[in-house]
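Me: I am new to this structure and would like to learn how to read a few of its features. Please show it first.

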Amino acid sequence: MVNAYGGILLVADVLLLILKVLYYIGEAIYRLIVPVEEKSVAGEIVLVTGAGHGIGKELALKYASLGATVVCWDLNQEGNNATVNEIKQLGKTKAYGYKCDVSNREEVFKTAEKVREEVGNVTILINNAGIMACHPFLEHTPEEIKQMLNVNVLGQCWTVQAFLPSMLQKNYGHIVALSSMCGLVGLPNVVPYCASKFAVRGLMESLEEEVRVMCQAKTIKSNINFTTIYPYMVDTGLCKKPRIRFPSIMGQVPPKEAAAKITNAQRRNIAEATIPGHWLYVNSTWRTFPRLAFHRILDFFDSGLEPAD
């Protein structure tokens, strides 16, 4: 009798699961046609790492134009100050600049405390800082590999550890991580870089799930969102020798355009987005093909990075 009752409960759970899955599939299809409206970021405190140039600078300017208080972090103090001054010239919002090496945990926590005291609790964290060296794997020095992993992966770990606690306390916030298409597809000449960007994907996916389960245990809905961005090639100077067979559909994206797409994804609470947007679906489809077929597709598009240093 007990086993029969347990079996009935299991069948009911399975049916309920199927209904929920079908509902969320339908909702996702609907949202492809009618996207979620962008939420306001006015009054939010947005921290951007690597704000001294490229995508980071454009993100800082974009959030400032939307009425957020912007906190700029960069190891390059001159570039960082230039970004802060440019924001102040807009006359719309407050901007603060801090020199910080995100690969140094002690420095991250010390600078984070300064931000809390001088600005307030960060509500949107954008982990943009990253470095890349481009040559065959066996030519990478141990120092290069360590530095890429330290900045690209551990740097994001340290900033999350510094700012997530206040978000959890208030059950409010948003963490955005810049991965790369190199975090979805492995490419020659950037093996350690690909490894670091694959790691960012794992960090964000597991972190989101951990926070979701923590909130579920407290019987509350999580109001902390996570967004992972996978840009293709952005014209920031990082990709020194790109190889692109079809420039019309795979050309480099201007930093300003990339920043606009990132802010759009964050403001719509999108969990994962590629730049351009179609690559997320293309990659998911390709991954269902046999391995050799996937290789032939990569050969056909013949895009990547040539050794540059």
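**Cysteines, a helix and a crossing**

Reply: At 6% relative accessibility, Cys-134 is classed as buried, where buried means under 20% relative accessible area, exposed over 50%, and partly exposed in between (1.4 Å probe, protein chains only). This is a predicted model: local features need pLDDT of at least 70, side-chain atom pairs count only at pLDDT 80 or more, and totals for chains, interfaces and linings use all residues. Residues are numbered from 1 along each chain as its sequence is written, and side-chain values use heavy atoms, leaving out hydrogens and water.

Me: How many disulfides does a search of the whole structure find?

Reply: A disulfide is a pair of cysteine sulfur atoms within 2.5 Å. Here the search finds 0. Cys-194 is in none, and its nearest cysteine sulfur, that of Cys-182, is 4.0 Å away. Cys-194 counts as buried because its relative accessibility is 5%.

Me: Why does the span of helix α6 agree with its number of residues?

Reply: Helices are DSSP runs (H or I, at least four residues), strands likewise (E, at least two), numbered from the N terminus. The expected span is 1.5 Å times one less than the number of residues. For the 27 residues of α6 (191–217) that gives 39 Å, and the end C-alpha atoms are 39 Å apart, so the two agree.

Me: What do the buried residues of α6 pack against?

Reply: Contact means heavy atoms within 4.5 Å. The buried residues of α6, among them Tyr-193, Leu-203 and Val-211, pack against α5 (142–170), β5 (173–178) and β6 (224–231).
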